[in-house]
Amino acid sequence: MTPGRPVPPPLGKPLVAEDATADTSPSTPAAAKGTPTLAAAYGATSAHSGLVPLTVSRRVPKEDDVEIEIDFCGLCHSDVHATRGEWGAQNYPLVPGHEIVGRVRRVGSAVDDFAPGDLVGVGCLVDSCRECGSCLEGLEQYCERGNVGTYGVKDARNGDSITQGGYSTSVVVDRRFVLRVPEGLDPAAAAPLLCAGITTYSPLRYFDVEEGDVVGVVGLGGLGHMAVKIAKAMGARVVVFTTSDAKFEAAIELGADEVILSKDPEAMEGANRTIDVIIDTVAAPHDLNPYFRTLRLNGALFQLGLPPTDMPPVSPGALIRRRLSYAGSLIGGIAETQEMLDFCAEHGVASDVEVITARQLNEAYDRMVAGDVKYRFVLDTKTLQPASEKADI
């Protein structure tokens with residue numbers, strides 16, 4: 001276990017123009033010829049509209065673009081927060097979805113690393129500044145000027161249009177942010193890897209988890225079940241912490257070596273100084289201090305869940321006495337996400353999914369809020385209604 005392991009180098013061609021005289025202004029898109037594609041979609045027209053049928057106009061691919069015919073798109077809890085306006089004001093109409101898997105339909109003239117028919121994916125990012133220190137290190141998720149999310153964000157390189165996500169039949173994305181999905185992965189089960197998978201893989205990789213390490217996972221939802229699978233594939237012994245007796249059997253089925261009822265003081269005391277790294281996926285306020293006590297010297301707790309209100313205070317003494325780290329982690333860069341997909345294909349790791357139709361989307365949102373899913377919903381985009389003759393967005 002080596003804290004701070006470097007990320008893989010950025011993928012593809014240099015992200016900074018080699019010609020110093022070239023116009024790199026993001027507000028000046030390259031010329032493109034042709035007619036925009038009208039794509040069927042589902043999205044929200046307001047915070048209270050629910051998800052309704054829409055038609056999205058997708059741009060004509062520029063020279064560096066890849067047009068993708070979407071087959072599946074995972075549903076993330078952040079989609080619920082965004083479409084319902086729970087994370088602040090949104091740009092409506094809004095088509096969510098950042099766990100996209102499909103086939104390349106056509107490519108721009110400068111694209112030589114993808115071809116029609118390739119199985120590809122798009123995750124949480126579709127662009128970044130490409131010039132800051134983070135981007136040049138392959139850490140586009142931490143772009144110092146602000147990355148461009150797959151939906152709901154102004155896209156400066158394309159006339160400040162608002163990005164629209166994967167609950168749709170197609171999407172056009174710059175090739176630098178397109179990922180190659182190994183053919184050995186089931187496309188539907190691979191879709192959540194592009195968010196839940198990389199979100200849990202990145203901190204485990206950062207700590208260079210390997211055989212002999214002990215990884216604790218707090219929470220057994222969409223993120224937690226991926227953390228269990230990936231940590232096991234890395235060779236770790238996995239301990240799941242849960243507040244529910246009902247999760248014990250499910251955790252063992254996923255590959256956990258041990259399950260601890262976190263509300264049982266004796267069980268928590270028995271885990272004292274036994275864990276190397278904890279991946280905390282719980283998105284509700286909870287006391288972290290009992291988990292710090294389970295960490296060994298130089299251990300770390302990575303917070304992945306984002307509670308809507310303040311957490312109980314952390315005791316500095318718990319950190320100081322064992323040189324512990326309390327850290328956060330945000331998805332992963334493009335190169336690391338590709339590494340994660342290849343790793344999952346090699347080790348047979350994928351998400352446990354329930355594939356749904358477009359008409360089930362609103363019900364699925366309610367079920368996600370209620371925690372009634374094992375463990376991720378995935379939309380089959382072939383069930384979307386035909387696109388209308390006029391775009392709504």
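**Close-up views of a predicted model**

View 1. Strands of a sheet pair through backbone hydrogen bonds, either parallel or antiparallel.

**View 2. Strands S15 and S16 within that sheet.** Strand S15 covers residues 275-280 and strand S16 covers residues 295-303. The two run parallel and are joined by five bridges. Asp-280 stands opposite Gln-303, a residue of S16.

View 3. Strand S18 (residues 353-356) and strand S19 (residues 376-380) run parallel, with four bridges between them. Ile-356 has Leu-379 in S19 as its bridge partner.

View 4. How much of strand S1 (residues 37-43) is buried? Six of its seven residues are, so the strand is largely enclosed by the rest of the structure; a residue counts as buried here at under 20% relative accessible area. Seven bridges connect S1 to strand S2 (residues 52-58), and this pair runs antiparallel. Thr-37 has Arg-58 in S2 as its bridge partner. The antiparallel run of S1 and S2 contrasts with the parallel run of S18 and S19.

**View 5. The whole chain, for orientation.** The protein chain contains eleven helices and 19 strands. Its radius of gyration is 21 Å, close to the 21 Å given by the globule rule for 393 residues, so the chain is as compact as a globular protein of that length. Along the principal axes, the C-alpha atoms fill a box of roughly 65 × 50 × 40 Å. Of the 393 residues, 53% are buried. Among contacts with a separation of 6 or more, 71% are between residues 24 or more positions apart. The chain exposes about 16800 Å², and carbon and sulfur atoms supply 51% of that area.

Note on methods:
Residues numbered from 1 in each chain as written. Predicted model: local features only at pLDDT ≥ 70, side-chain atom pairs only at ≥ 80, totals over all residues. Heavy atoms only, no water. Pairing = 2+ DSSP bridges. Buried < 20%, exposed > 50% of the residue type's maximum accessible area, 1.4 Å probe, protein only. Rg over C-alpha atoms; globule rule 2.2 N^0.38 Å. Contact = heavy atoms within 4.5 Å. Areas by Shrake-Rupley, 256 points an atom, 1.4 Å probe, with all protein chains shown as cover.
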